[in-house]
Amino acid sequence: MTGAADNTQDSYPQATEQHEHHAPTGFKRWFFSTNHKDIGTLYLGFSLLMFLIGGAMAMLIRAELFQPGLQLMEPHFYNQMVTVHGLIMVFGAVMPAFVGLANWMIPLMIGAPDMALPRMNNWSFWILPFAFAMLLGSLFMEGGGPAFGWTFYAPLSTTYSNDNTAMFVFAVHIMGISSIMGAINVIVTIVNLRAPGMTWMKTPMFVWTWLITAFLLIAVMPVLAGAVTMVLTDKYFGTDFFNAVGGGDPVMFQHIFWFFGHPEVYIMILPAFGIISTIVPTFSRKKLFGYHSMVYATGSIAILSFVVWMHHMFTTGMPLAAELFFMYSTMLISVPTGVKIFNWVATMWRGAISFEVPMLFAIAFIVLFTIGGFSGLMLAITPADFQYHDTYFVVAHFHYVLVTGAVFSIMAGVYYWLPKWSGHMFDIRLAKTHFWLSLISVNILFFPMHFVGLAGMPRRIPDYALQFADFNAIISIGGFAFGLSQLLFVWVVLKCVRGGEKVPANVWQAAEGLEWDVPSPAPHHTFATPPVIK
Amino acid sequence: MIVIRAAFLSILLSPQLSFANSAFNMRGGVTDISEDVYQLHMTIFLICCAIALVVFGIMFWSIFHHRKSKGFKPAQFHESTKIEVLWTAIPFVILIAMAIPATKTLIAMEDNSKADITIKVTGSQWKWHYQYLSYNNEILDIDFYSVISTPQAQINNQAEKTPTYLLEVDKPLVVPINKKVRFVITSDDVIHSWWVPDFAIKQDAVPGFINEAWARVNEIGIYRGQCAELCGKNHGFMPIVVNAMTENDFDDWLAQAKIAKQNEAQEALASQSTSFSKEELMTLGEQVYVGNCSVCHQPTGAGLPGVFPALKGSAIAMGDLDAHLDIVLNGKAGTAMQSFAKQLSLKELAAIITYERNAWGNNTGDLVQPIQISDAMNPQESDPAQAAIKTSQAVAVEAVEDIKEAVPANKTTQDLPLSKLTKGQLMTSGEQHYLTFCAACHQPNGLGIPSAFPALKDSPIVKGAVSEHLNIVLKGKAGTAMQAFAQQLSAEQLAAIITYERNAWGNESGDLVQPNDIEQAIKGEQ
Amino acid sequence: MSKNTKLFKKLVIASVAMFAFAFALVPLYNVFCDITGLNGKPSLARAEVSTAVDLNRQVGVGFLTHVQNGAPFEVTVDQARVTVKPGEMNQVTFSAHNLSNESRTMQAVPSISPGLAAQYMHKVECFCFTQQILQPGEKVSLILLFYIDTEITPNIEELTLSYTVFDIVTDN
């Protein structure tokens, strides 16, 4: 860690001295890069790769669940798929994608020449591939990879897991270190490198949401690291943190995990709020409604996220008072979340709305995320949660929040800023096709999950009773369609990077923000001299 | 528009009319609680729908009418404190409206007291075990495992699936209707979750801890559920089936279960003296193996490398018979290998071990008979008289010896001359004070707790000299839990207690101790 | 020291502190459970003898034994349910039988439901305080000496004390 501190010396003065044409190329450019745009690209590329790998696992899961009975895989392998799909999507796809967007956009939005700690930036990215290589590698070892769910509840992950658990633990450690380094970098950049005149209340929403997210990361990723460390020592070094016989408590694992896990949920959604708050005003040609209340709502969601964790654990058996407290606190979160949705709708109200691809994704986000929010509110109601808990209703809920929420916002962001990054407009017709295919298939995929969940289908099962068969077939078809649609997304992005219609600096005309002042594509070095905000 | 609104309102006001018990929705279930939960679910769902209708209605109105393509010119407003406060406050009110019924239902759910029947539910990888503990205050000892009965062939798509596919067990849990059934839930290995949707019960089974839930079933029927917490490989294959029957039917069932239990014991005895042929053991062994072992060790005996060891060619299955017996009977702690001693009969155990030692080319030729199993289970059938008694009561007394006189004196500040009291007065207040200060250890009936706290009834101290008795009460007894009460109680209280002790429970010494005697005894000491 | 280095150091310290906090959650959780009865784990410390009895109340105490999977023990309780007055001392005898032909060590782990009742259960003597070594085939009687606190909240009329018996595997 002390070595990393040296990084801080070479923040932006060095960048200003560099010459444009000396940017290295090939292996060196990417492997030793300290440039926020290159690292941002690396993060986004990596996240896309992980999205496809995790998605492939989801396709396998859906293929197995297409019909009742065991067709393709052994239940033990199915559990590995469920586990690794979750881990990859959370830590490999969604989080790195947001970090990638932060890397690319935060310096551009606040008028900074680069991230504050560029060398650490390089590190925080380049340790990630090792973490995922280790995680994926364990799948091919004897006994297979982790098979205890991404939530790795003890003692299934300790006493009853196989010896490859150590690989999982170290992979999570590395992911955690990467996230923490990324978060530190974001905070230092935002706090210290905002252009002169950019006061806190003039800071763009995306920057605000990321700042709060970064604090959440610093608060909870170390706790996750602690939890996996305890799993490691319980399994290999004879400690009894989660073992009743030695005075421990398996349920304590869940408390520690969800103390991390609930804020983690907001880590994956707050930056999405930032993206939507950036896109909606642009295409409504109207300023964001209630900027101040947006900032406060984000802050209160972050704070509330620390006092709701037990709502994941209502069935573990807890006193009535605890059940009531966590029911009320969870319901309370819907207030600031509601404020955000109302603000977006008010931003659109009496605007001059147009429907470019980023806006289509943003509107889909607002509607579908809200559906996820409603099912979240239903899940908060403790007595009803006894019925919903650990069923496909929960699966539907968090996929609405994470796929049509987080992932849709990332796609909205990518379509929004891709022309800025590449200098080319993407193929609009293909992109719209991608949008409509995704929108329809994602709902065929996740909406019927509400029904099977309510009708009583537990989650994480490789085979199911016959009454769930029809819906599962529909869900699987939706799943395959959604999976295939994403190949179109890859194609649109690649095509746009390779070439296309040239775009001006302010791609979307009505867009506001410093990032639209720099030419498209954004040059390797920008804002060598900080702009002044009036 | 009005029609739609009216229709919507009628649905909102009568959620019980909508899709209960459909393939789309939560079940209304068969208990009052599950019905409440269902109503709660529908209420919240419809409130959410109403909010969605309003919010999305406004948004789509805006999307259709405020388009750039229609030449709409954007407005300039971007904040309004009034409206922002309003839409923070309104959700609050709605939330409170939701929280009230939710709280009521929750309080009812958590009331586990006054059960008519108590059943212990134990989850293990991957079956449930039920033990009836008590019924109408009668202690019961009926227990059995409940294992999925769907044939492997159906799961592997080699046979037609029956309607109860994956939701059927060999022995369902049986409960009476209209009785409060309390479930005490725990686990043998990892965390499981016992879920019966029709009862609105979902409680985690946590190893080393107990959880409770209860149900009062209103209708007879068969109710099916599943394990709801990922518990390893066969998490999807440990269903729960509950057969709810009338009280009479339940009583019959219980009587039969008791007889069956006796028969089992006799069969076990009988099988001990019977020898079976190899063919018979191998046939039965294969059956039992497929039902109980093949999930992990695989039908081929090859196991799953790195997860479940192979039996084919294994050191245990081909090596020392005792070691093989030990692991099958007692399991292996810290692994998924559980103890089968109580799950299977002697004959089945003998068959399974014989099968494992001779199948898949393990050809050891060993033949295991039920008598060998029973010997292995009861190594030294020592006569009960020899059973060692390990009591740690000596420790108990030592432990409490250092309870100090730290208790502050609660003498009632009476400096008045001490009055003489009648026997009736002394006995009444004596009983009261005895129960408060002494009965904790010496028990209300004066019998004490043998070898921990001495009895006062017929005790030599209480029936002996008054001075001895006074001495021990006032000064306590060093090295025991008996403390000095001189400073803790008033003279009246002490007099009453001692009088009571000397005359209650048939001690009938007739001695009356007056407060004055106490005072003098204390003074005499000084 | 530049602004960046300063802030960087603060944030690193914060992360390390949060890592330590994860481990601090373990004792915090135990304290929290003691206060709120979150997990129903009663204290394993020897309690002092009760000094007063509340005559006006009755509390039902049920006993349950559970031998953890694979353990070759048979543990039973003589009385499955007793009704006690708060503050009154009670003794319950359990018997344990080692079914195996080797010396085994057992550890009983108590758990109480409802969890809130855990803090009111005082054990003066309990076989769960220490590990018990049982010789092959040995049968022993084990003593539990307890009382219910007079402060027990009025709405708890019944509680269940369960002992889960574990086989302690020694590493040899």
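Among contacts in chain A between residues at least 6 apart in sequence, what share joins residues at least 24 apart? The share is 84%, where two residues are in contact if their C-beta atoms, placed from the backbone, lie within 7 Å. This is a predicted model, in which local features need pLDDT of at least 70, side-chain atom pairs count only at pLDDT 80 or more, and totals for chains, interfaces and linings use all residues. Residues are numbered from 1 along each chain as its sequence is written, and chains are lettered from A in the order in which they are written.

Chain A has 18 helices and zero strands (DSSP runs of H or I, at least four residues, and of E, at least two, numbered from the N terminus). Its radius of gyration, taken over C-alpha atoms, is 23 Å, close to the 24 Å that the globule rule gives for 534 residues, so chain A is as compact as a globular protein of that length. That rule is 2.2 Å times the number of residues to the power 0.38. Of the 534 residues in chain A, 67% are buried, with 20 or more other C-beta atoms within 10 Å of their own.

Chain B is divided into domain 1 (19–60 + 82–111), domain 2 (117–263), domain 3 (273–377) and domain 4 (400–525), with bounds from an automatic or database domain assignment. The C-alpha centres of domain 2 and domain 4 of chain B lie 54 Å apart.

Where chain B touches chain C, the contact takes 53 residues from chain B and 48 residues from chain C. On the chain B side, H12(B) gives the largest share, five residues.

Methods. A residue is buried if 20 or more other C-beta atoms lie within 10 Å of its own, exposed if 12 or fewer, and partly exposed in between; C-beta atoms are placed from the backbone.
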